[in-house]
Amino acid sequence: LSQLPGWSVRPDGSIVIATGNDDALGVYTCTPYNSYGTAGESQPTRVLLKDPPAFTVRPKGEYFQEVGRELVIPCVAHGDPPPTVTWLKVGSAEKSGAQVDGNSSLIFRPLVKEQHGVWECTATNQVASVSTTTSVHVLGTSPHAVTNVSVLPLLLAANVSWEPGFDGGYFQRFSVWYTPLVKHPPRAHHDWVSLPVPVGAQHLLVENLQPDMSYQFSVLAQNKLGSGPFSQIVTSMPRGFPVTTVPPEPPAMTMHIFLSPPQALTANETLRGVLLQWDPPAQFSVALSGYALELRQDKGGWEVLDRSIPSTKTQVLVPGLIKDAFYEFRLVAFAGSYISDPSNTVNVSTAGMEVYPSRTQLPELLPQPVLAGVIGGICFLSVAVIFSTMAACIMNRRRAARIQKRRQGRSQLAGC
């Protein structure tokens, strides 16, 4: 064995082969002995080399597909002996209606919302087992439930935070729902109170809670297609004032407002559209990052119209509104990781307008090439008129000179 690199014998008589190769192939026997001799060798055993599974075709890291469509995810592996390929959704004991074809590909026909998530492809034979994962994103659905909801109890308040779920391919909003836990409620079902969450935020401070009373909290996600499922319910109790024998002095509490909303939002109708003007937030702890403009039409849901307005701007022009419609606008401000509450809402009605905005009313908005052509045409016509006038004057003078010469010649002939 000393002549074979990586081979060794353990004290119990076992052979250790560090690296399996063709040198290890063959038939082996083991002969035990001591000072009295041996009872003979063992039965022969054969060593064979087998290959563990290896993927020849791996699935991509992510797949995006519309709900109701077909999605095929390949996964091919080889080995000796040939491995068995299986698929499983991570966190679920079932394949959620998916099928596996003869080429070990995972088939969704049709793709449904519940199949969104991480899927694992595993190749197994007698030697080893290997696996790889891919993420399936189902588009065109309502949002998925938020996860990791936590509640931090504060003085007469609670800070609720969470991690957003997949948005279904559309912009999603959140709302926090809470209700007190009453031992003997006056009604069979107590009411839940909902609070909207500012755009982009993943936490909300719920204030004005009763001390030493338990509350239940849940978070709901919504997009343009509807509401997702409620998150798991978390129970928490806000802190009350400490009880002492001597009444404490009222603590000097300073409410530090990180970012107040934009102020004095107004709307004015112009020939080019609706001009929105506002004043910056009155209080902010860090420099402003910018603004986001939200609108809704005819009392519908709020949508983000422009989320990249520079912080240096205090006005923005909104063109492209349709006639006979009712619009509402509001602003939110960004400063670092903070998002303000919405500003005041302004209303704009386009009732009775023929076209809004009308490009026939906007000659100054003509494209530069067209405008240059118009100016060039006007200049050409002006030069042509000037040259025509000058030519007419010259011709008239020449004609008058010829007539004058003819008259003089006739007068001389008459004198003779």
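This is a predicted model: local features need pLDDT of at least 70, side-chain atom pairs count only at pLDDT 80 or more; totals for chains, interfaces and linings use all residues.
**Exercise 1. Trace the salt-bridge network around Glu294.**

Solution. 
- Begin with the total: the structure holds five salt bridges.
- Take Arg173 next. Its salt bridge goes to Glu294, with the closest N and O atoms 2.6 Å apart. This pair links distant parts of the chain: Arg173 is in strand S16 (residues 173–180), Glu294 is in strand S24 (residues 290–297), and 121 residues separate them.
- Turn to Arg330. Its side chain also meets Glu294 in a salt bridge, at 2.6 Å from N to O. Arg330 belongs to strand S27 (residues 326–335) and Glu294 to strand S24, so this pair ties together parts 36 residues apart in sequence.
- Join the pairs. Shared partners put Arg173, Glu294 and Arg330 into one network.
- Check burial. Buried means under 20% relative accessible area. Glu294, with 1%, is buried. Arg330, with 14%, is buried.

**Exercise 2. Find the salt-bridge partner of Arg296 and classify both residues by accessibility.**

Solution. 
- Identify the partner: Arg296 forms a salt bridge with Glu328, and the closest N and O atoms are 2.8 Å apart.
- Place the residues. Arg296 lies in strand S24 and Glu328 in strand S27, so the pair ties together parts 32 residues apart in sequence.
- Classify them. Arg296 has a relative accessible area of 21%, so this residue is partly exposed. Glu328 has 5%, so this residue is buried.

**Exercise 3. Describe how strand S13 pairs with S6 and S12.**

Solution. 
- Start with S6 (residues 62–66). This strand pairs with S13 (residues 129–139) in the parallel sense, over five bridges. Tyr63 stands opposite Val136 in S13.
- Continue with S12 (residues 117–124). Here the pairing with S13 is antiparallel, over eight bridges. Trp119 has Thr134 in S13 as its bridge partner.

Definitions and conventions
Residues are numbered from 1 along each chain as its sequence is written. Side-chain values use heavy atoms; hydrogens and water are left out. Two strands pair if DSSP finds at least two bridges between them. Helices (H or I, at least four residues) and strands (E, at least two) are DSSP runs, numbered from the N terminus. A salt bridge is a side-chain nitrogen of Lys or Arg within 4 Å of a carboxyl oxygen of Asp or Glu. Buried means under 20% relative accessible area, exposed over 50%, partly exposed in between (1.4 Å probe, protein chains only).
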